[in-house]
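Please study the sequence and the structure before reading each solution.

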Amino acid sequence: MPANTKIWRSHNIVLSGGHMNLRQIEVFRAVMLAGSVTDAARLLHVSQPGISRMLAHIELQLGLRLFERKKGRLLPTPEAQALHEEVSEVYGGIRRVTERAEELKSGARLSLRVLASPSTALVAVPRAVAALASEYPAARIYLETLPTREMLGRLIRREADLAISTIPTDNALLASKAIGQWRLVCVFPRGHALSSKRLLRPRDVLNERLISFSQDTPQGRIIADWCASSQVEAASSVEVRSGQMACALAACGAGIAIVDDLTARACRSDELDFRPIVGSPTLGIFALAHEGFAPSVLGKRMIELAAASLKQAGRG
């Protein structure tokens, strides 16, 4: 390496064939600031002989005379002044790293892109996002509702950081963690004959005029299984893909509907009521993220808050 070359490499400053580690840099800087070994030792809370030995070792190692001793004071040489400029840059960089770490801890300049299945986006996920925003007011949080297939594509392409999905995935590129559960319930207009029962059976539901779901949805498949096992053909003239739309239609008297309990609880009103269905399967709610990337502090906290929010929603 050419003489007088100075670079910052890892934890060292390399100079004229020698190098200084961070502790040596700290001692040199303290002496430059304090002007004496005694004051430098006091500044670093170490012994005076230790500072003297370290300083002598630095000069020997670098092959440079850094200070002239005069009447108990240390007078920096031009070489020491030049070196101190480099050290000041190093400390400025360390200070910026420390400041950046503190910003990251508080969420400043961090963002989180969250996707949610429609039913979780009615109450549970917004509640979790609100709590996250309160904990990290400097962070930017983006929330969007999408069908599961689109959510998976966004996560794989790294166009989102996290998804809360009511449908699991076996995609090898995505990590999946169960954070909650949902069940199917029956929604109907207030005052409907079904409101007299605390629990409904599949046959109770299938004997009514039904707002149905297409068979590629979880609701549609379960309804088809109930029809087959009960040997009942459900009467239906309206088909939807959204639990929220099914609730709106039921409230208007278009029929009764089988929806997830998250949607039913969110849509419950003076016009709409619901009851659980005996034998309805319990299905999972999952936090999905890209397998190849570690989650941020915001992502981890969002999953914790979403799990807590889903648990609270299930008790509502």
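**Exercise 1.** State in which helix Arg301 and Glu304 both lie, and how many residues apart they are.

*Solution.* Step 1: Arg301 and Glu304 belong to helix 11, at a spacing of 3 residues, about one turn of the helix. Helices (H or I, at least four residues) are DSSP runs numbered from the N terminus. The model is predicted: local features need pLDDT of at least 70, side-chain atom pairs count only at pLDDT 80 or more, and totals for chains, interfaces and linings use all residues. Residues are numbered from 1 along each chain as its sequence is written, and side-chain values use heavy atoms, with hydrogens and water left out.

Step 1: Arg301 and Glu304 form a salt bridge, with their closest N and O atoms 2.9 Å apart. A salt bridge is a side-chain nitrogen of Lys or Arg within 4 Å of a carboxyl oxygen of Asp or Glu.

Step 2: Glu304 is partly exposed, at a relative accessible area of 47%. Buried means under 20% relative accessible area, exposed over 50%, and partly exposed in between (1.4 Å probe, protein chains only).

**Exercise 2.** Determine which parts the salt bridge between Glu135 and Arg301 ties together.

*Solution.* Step 1: The side chains of Glu135 and Arg301 form a salt bridge with an N to O distance of 2.8 Å. Step 2: Glu135 lies in helix 5 (residues 124-135) and Arg301 in helix 11 (residues 297-315), so their pairing ties together parts 166 residues apart in sequence. Step 3: Glu135 is partly exposed at 38% relative accessibility, and Arg301 is partly exposed at 26%.

**Exercise 3.** Find how many salt bridges a search of the whole structure gives, and describe the bridge of Glu159 with Arg157.

*Solution.* Step 1: The search of the whole structure finds 14 salt bridges. Step 2: In the bridge between Glu159 and Arg157, the closest N and O atoms are 3.1 Å apart. Step 3: Glu159 has a relative accessible area of 38% and is partly exposed.

**Exercise 4.** Is Glu59 buried or exposed, and which residues does Glu59 touch?

*Solution.* Step 1: Glu59 lies in helix 3 (residues 48-62). Step 2: Glu59 is buried, with a relative accessible area of 9%. Step 3: Not counting residues up to four places away in sequence, Glu59 touches Leu64, Arg65, Leu66, Phe67 and Arg69, where contact means heavy atoms within 4.5 Å.

Technical notes: Helices (H or I, at least four residues) and strands (E, at least two) are DSSP runs, numbered from the N terminus.
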